[in-house]
Amino acid sequence: MKTTSVYLLLFVAIFSFNCSGQLVNLPSAGQINEALNKNKPLTSEEVASGLKEALTQGIAKGATQASQQDGYFGNQLIRIPFPEDVKRVETTLRSVGLGSQVDNFVLSLNRAAEDAAQTAKPIFLGAIRKLTFQDVWNILTGEKDAATQFLRRTTSDELYRAFAPHIQKSLDKTYATKYYTDVMNAYNAIPLVQKVNPNLNDYATKKAMDGLFLLVAQEEANIRENPVARTTDLLKRVFSKQAKS
């Protein structure tokens, strides 16, 4: 019981501090220290509440990061490329001197994802509010991306349905739709090529979602593994207690 209670304290404290710089809706630092010193476990309700608040802060951070200018385009890990299933279109257009049209399209595609990213937050937050204590325990004791897996499993369908119309508006707003039409028309006008016209909205929506989940996974891994965030006296004491348990 001692190891379990300290482990729960450790994860909640690290997650909350890393995401927001302070503990949100958790017992005060003094209360946590007292619990650590006296080996007093947090209640199930307190642990669940703390994890939900911490996940909320992490989601907000990831969505905000993605929605900034170059949140997608400037991040090689989530930058949305020319659709892979029609890569020959990009290759052919560049070979005939139309690379600038391809570049304009790719930039506008990523700008659309950045523009729509914040709309994902309410969907993620809805899933977090529905977390049961068993979900919390599975996340705390699971793989380093257990929270991300939970969110992907429980939100993907709803996120796609809600995200797609926002992506379409953003594609139009950033002229990605126009550039895409120009690119496909230019390609299809080349003699003897096999004409193509893949679904841009479906591609952009899925890629934008993948990028958001990747950012969430990075945040989760950082919280679980990164010792750099363990700089306060409280976190040092938590680690000391955990190491002795």
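A salt bridge is taken here as a side-chain nitrogen of Lys or Arg within 4 Å of a carboxyl oxygen of Asp or Glu, and a search of the whole structure on that basis finds eight salt bridges. The structure is a predicted model, in which local features need pLDDT of at least 70 and side-chain atom pairs count only at pLDDT 80 or more, while totals for chains, interfaces and linings use all residues. Residues are numbered from 1 along each chain as its sequence is written, and side-chain values rest on heavy atoms, with hydrogens and water left out.

| D103 | R94 | 2.7 Å |

Helices, numbered from the N terminus, are DSSP runs of H or I with at least four residues. E114 and R111 both belong to helix 5 (residues 99-116), where they stand three residues apart, about one turn of the helix. Within this pair E114 is buried, with a relative accessible area of 4%, whereas R111 counts as partly exposed at 22%.

Elsewhere, salt bridges that share partners join D70, R111 and E114 into one network.

Helix 8 also takes part in a helix packing. Helix 7 (residues 133-141) and helix 8 pack at an angle of about 135°, with their axes 7 Å apart; the axes are lines fitted to C-alpha atoms over the stretch in contact, and angles run from 0 to 180 degrees between N-to-C directions. Helix 7 is therefore oblique to helix 8, since angles under 35 degrees count as roughly parallel, over 145 as roughly antiparallel, 65 to 115 as roughly perpendicular and the rest as oblique. Where contact means heavy atoms within 4.5 Å, D135, N138 and I139 of helix 7 meet A146, A147 and F150 of helix 8.

Another residue of helix 8 is S170, which is buried with a relative accessible area of 3%. Not counting residues up to four places away in sequence, S170 touches A112, D115 and A116.

A nonpolar core is a set of buried Ala, Val, Leu, Ile, Met, Phe, Trp, Tyr and Cys residues joined through side-chain atoms within 4.5 Å. The largest such core has 51 residues, of which Y72, F82, V89, F105, L109, L151 and L171 touch the most other members. Several helices each supply at least two residues of this core, including helix 3 (44-67), helix 4 (87-95) and helix 9 (176-188), and the largest share, nine residues, comes from helix 10. With residues up to four places away in sequence left aside, F82 touches V89, E90, V102, F105, V106, V183, M184 and Y203.

Definitions and conventions. Buried < 20%, exposed > 50% of the residue type's maximum accessible area, 1.4 Å probe, protein only.
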